[in-house]
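Reader: Please take me closely through a single part of this structure. I would like one connected account that I can follow with the model open.

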Amino acid sequence: MLCSVKMGENLRIPDEEIKGTMDRRVDVYIWDMDETLILLKSLLNGTYAEAFNGLKDVQKGVEIGKMWEKHILDLCDGCFFYEQIENYNKPFLGALSEYDDGKDLSDYDFGQDGLGLPSDDDNKRKLAYMHRVIAQKYEKGLDNLFDQETMKLWNELYDITDKYTDGWLSSARDFLEQCSSGKTETTSTASADGMVDSTDSTYQHVNVLVTSGSLIPSLVKCLLFRLDNLITHENVYSSWEEGKIQCFQWIKERFSSSNVRFCVIGDGWEECEAAKTMRWPFVKIDLRPGSSHRFPGLTLRTVGYYFSVVYGSPGAENDKD
């Protein structure tokens, strides 16, 4: 698998999206990935299809899952240095940015740089170089890195999966787009005489991913499942080693302001317990057909109810039903 990117430019990882937003209300949606924004494990083990009581072909779901698994691993190893850095997982790409000296990497040979133990400054710098290049590739997107034939193959698999899952992938992506749009909403207040006064206020919405998987495969999944333009690489966290509570604490520090509200959305016990510890609302995703806490099904109105229970302020106006 061929993959090219211009590597000479030093990449900084600022939090510019956060600056300038603290004068408005900011809603931070903290997402789990697997069995929430995407389906993979439940396809591979058949639990997604089994929830439909015979209406879904279990083996077809398994085959779809295996194809995704292969593409994810191929892309990780062929383009994102995963074979070299698998044992050096970090919680986010900027974790070692202080060790990146800005060296021009145009002619840098990553295959011969000798990355390994001990975890000293020299090896941290080598890993920081790789993280910089990975971030650049993520920003470029797969369309700018691969030929049309390869993209066609991935797009066909995406469409097959979306059809098999009744639109789970596309509706989850649409929901992310609503969450990240940042729009002017209208708040209506009824007076004693029945007249309704409307005032406009601006809201900012941010999507953050905290996945229990390791960092590089999680970034690759974002690319393959078309989430990269809705979740920036700065907002992808791996809780593989640090745990979700630690990741949530880092996120809270990044978005520290009295105007910020947080909501966690996922399917697992770990994010549920971490949200409870942080005293944040938690929306549990349910794979079963007919549930409103799944895709398609989940709406901003529903999430708004969870916001209001914890923060004591209306959040249900966000819906676009």
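Author: I will take the largest cavity, and then turn to the annotated site. The model is a predicted one. By class, five nonpolar, three polar and two charged residues make up the lining of the largest cavity. The residues in question are Tyr-82, Ile-85, Glu-86, Tyr-88, Asn-89, Lys-90, His-131, Ser-214, Leu-215 and Ile-216. Two elements, helix 4 (82–85) and helix 8 (215–224), each give two or more residues to this lining. The space inside the largest cavity comes to about 60 Å³, and a search of the whole structure finds one cavity of 30 Å³ or more.

Now the annotated site. An unreviewed UniProt entry lists Asp-32 and Asp-34 under "active site". Asp-32 sits in the loop between strand 1 (25–31) and helix 1 (41–44), and Asp-34 is placed in the loop between strand 1 and helix 1. Asp-32 counts as buried because its relative accessibility is 7%, and the cut-off for buried is under 20%. Setting aside residues up to four places away in sequence, Asp-32 touches a list of residues including Leu-209, Val-210, Thr-211, Lys-244 and Asp-267. Its side chain also makes a polar contact, at 3.4 Å, with the side chain of Thr-36. For Asp-34, with neighbours within four places in sequence left aside, the contacts are Leu-40, Thr-211, Lys-221 and Asp-267.

Notes:
Residues numbered from 1 in each chain as written. Predicted model: local features only at pLDDT ≥ 70, side-chain atom pairs only at ≥ 80, totals over all residues. Heavy atoms only, no water. UniProt positions renumbered as here; feature names shortened; annotations may be inferred. Helix = DSSP H or I, 4+ residues; strand = E, 2+ residues; numbered from the N terminus. Buried < 20%, exposed > 50% of the residue type's maximum accessible area, 1.4 Å probe, protein only. Contact = heavy atoms within 4.5 Å. Polar contact = N/O pair within 3.5 Å; in protein donor to acceptor, adjacent residues only side chain to side chain. 1 Å grid on protein atoms, 1.4 Å probe; cavity = no way out; pocket = protein on both sides within 12 Å on 5 of 7 lines; lining within 4 Å. Points joined across faces, edges and corners; volume = space filled by probe spheres on them. Nonpolar A, V, L, I, M, F, W, Y, C, P; charged D, E, K, R; others polar.
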